[in-house]
Amino acid sequence: MQSILPSGVYPPLPTFFDDQEELDLATLRRHMRRLEDSGIAGYVLMGSNGEAVHLTDDERIQLITTAKEVVKSGEHGVPIVVGCGAQSTRVTITHCQQAAQHGADVALVLPPSYYRGQMNSQALITHYRAVADQSSIPILLYNMPASAAGIDLDVATIAALAEHPNIIGLKDSAGNIVKIAQIVDSVPASFRVFAGSASFFLPALVAGSVGTIAALANIFPHEVCLLQALFEAGEFEEARELQARIIPANAAVTTTYGVSGLKAALALTAGYGGKPRLPLLPLAAQECETLAQILAATLVDVE
């Protein structure tokens, strides 16, 4: 039986806005259609790169329904993963139910972190189990300490949650390869572990992950997909070289410039991107020049 979340590369899509900071759904459609034949396994909406924290409930619905329309109209029926994490269990459940109602296949759930000091393992297990019990779509755990006040889900917590039939996998953005290997060894074979960044995609594959949810796949989808294909074909030296070549570009659109850098990179490589919503600021001119040089070097290296 094929998993509802197949192995492979999932780009976490930006949320596009016009000059008045209103949703730009036409650009979302354009971007998804640009990616659909690149080899990707599905799409992620409203993750960290999707500025989920800047969106209203109505906007969330518009994004999900638009993405679902694009998938239905295309040749490939790929899954749509939607970020549903919130600071309360109740609102997280509401987001999951809303996402399911409008066509999402999987909910990606970041741990609540506002009351950081009280979010021990038992609190987090209780939270996720309550969400999984009441969500009609499967749950993908999202471990990203940088966006969760430093909360880093430990192996024991993840393994306990993996026992729930409606919790099907993990996106891990912490980058601890030893820990990823321990997680893979501690969960059922059906539990899907995805690297949360292209920067450590190859090591994560070696450790047992089945794919990645990586911002860079918005910019260089073919290259990120090729990395997994090379690994699966046993072309390890070629995979290692490609991994090394994409690291500077990945760093630029994640840790260095973030969401603003991702949108600027799309503007430079695809002719669209737009600005983030305030309080995020677009890149300055000099930053765009530096980013352009990094992207150009990456293109030369991978061609």
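Predicted model: local features only at pLDDT ≥ 70, side-chain atom pairs only at ≥ 80, totals over all residues.
E3 has a partner in strand E2, residues 43–45, to which 3 bridges join it. The two strands run parallel, and Tyr43 stands opposite Ile80. E3 is also joined by 3 bridges to strand E4, residues 106–109, again in a parallel arrangement. In this pairing Val81 stands opposite Val106. The path from E3 to E4 involves helix H3, residues 89–101, and together these three elements make a right-handed β-α-β unit.

The next topic is empty space. Rolling a probe the size of a water molecule over the atoms shows where empty space is left. The largest pocket found in this model has a volume of about 940 Å³. Its lining consists of 43 residues, and those nearest the centre of the pocket are Gly47, Ser48, Tyr142, Met144 and Ser147. By class, the lining holds 22 nonpolar, 18 polar and 3 charged residues. Helix H9 (236–256) and helix H10 (258–270) each supply at least two lining residues. The largest share, 5 residues, comes from H9.

H9 is also the helix in which Glu238 lies. Is Glu238 buried, partly exposed or exposed? Glu238 counts as partly exposed because its relative accessibility is 37%, between the limits of 20% for buried and 50% for exposed. Glu238 and Leu226 are 12 residues apart in sequence, and their C-alpha atoms are 9.9 Å apart in space.

Aromatic side chains come next. The model has 4 aromatic pairs. One of them is formed by Phe16 and Tyr272, whose ring centres are 6.0 Å apart and whose planes make an angle of 75 degrees, an edge-to-face arrangement. This pair links distant parts of the chain, as its two members are 256 residues apart. Phe16 sits in the loop between strand E1 (8–10) and helix H1 (25–35), and Tyr272 in the loop between H10 and helix H11 (285–302). Phe16 has a relative accessible area of 2%, so it counts as buried. Tyr272 is likewise buried, with a relative accessible area of 6%.

Some backbone details remain. Most residues other than glycine have a negative phi, and most peptide bonds are trans. Which residues are joined by a cis peptide bond? They are Leu278 and Pro279, with omega at about 15 degrees. Pro279 belongs to the loop between H10 and H11, where Tyr272 is also found.

Glu21 has a positive phi of about 65 degrees although it is not a glycine. This residue is in the loop between E1 and H1, the loop that also holds Phe16. Glu21 is partly exposed, since its relative accessible area is 27%. Met46 likewise has a positive phi, near 55 degrees, without being a glycine. Met46 is found in the loop between E2 and helix H2 (57–73). Its relative accessibility is 3%, so Met46 counts as buried.

How values were computed: Residues numbered from 1 in each chain as written. Heavy atoms only, no water. Pairing = 2+ DSSP bridges. Helix = DSSP H or I, 4+ residues; strand = E, 2+ residues; numbered from the N terminus. Right-handed = clockwise from strand over helix to strand, strands pointing away. 1 Å grid on protein atoms, 1.4 Å probe; cavity = no way out; pocket = protein on both sides within 12 Å on 5 of 7 lines; lining within 4 Å. Points joined across faces, edges and corners; volume = space filled by probe spheres on them. Nonpolar A, V, L, I, M, F, W, Y, C, P; charged D, E, K, R; others polar. Phe/Tyr/Trp six-rings, centres within 6.5 Å; stacked < 30°, edge-to-face > 60°. Buried < 20%, exposed > 50% of the residue type's maximum accessible area, 1.4 Å probe, protein only.
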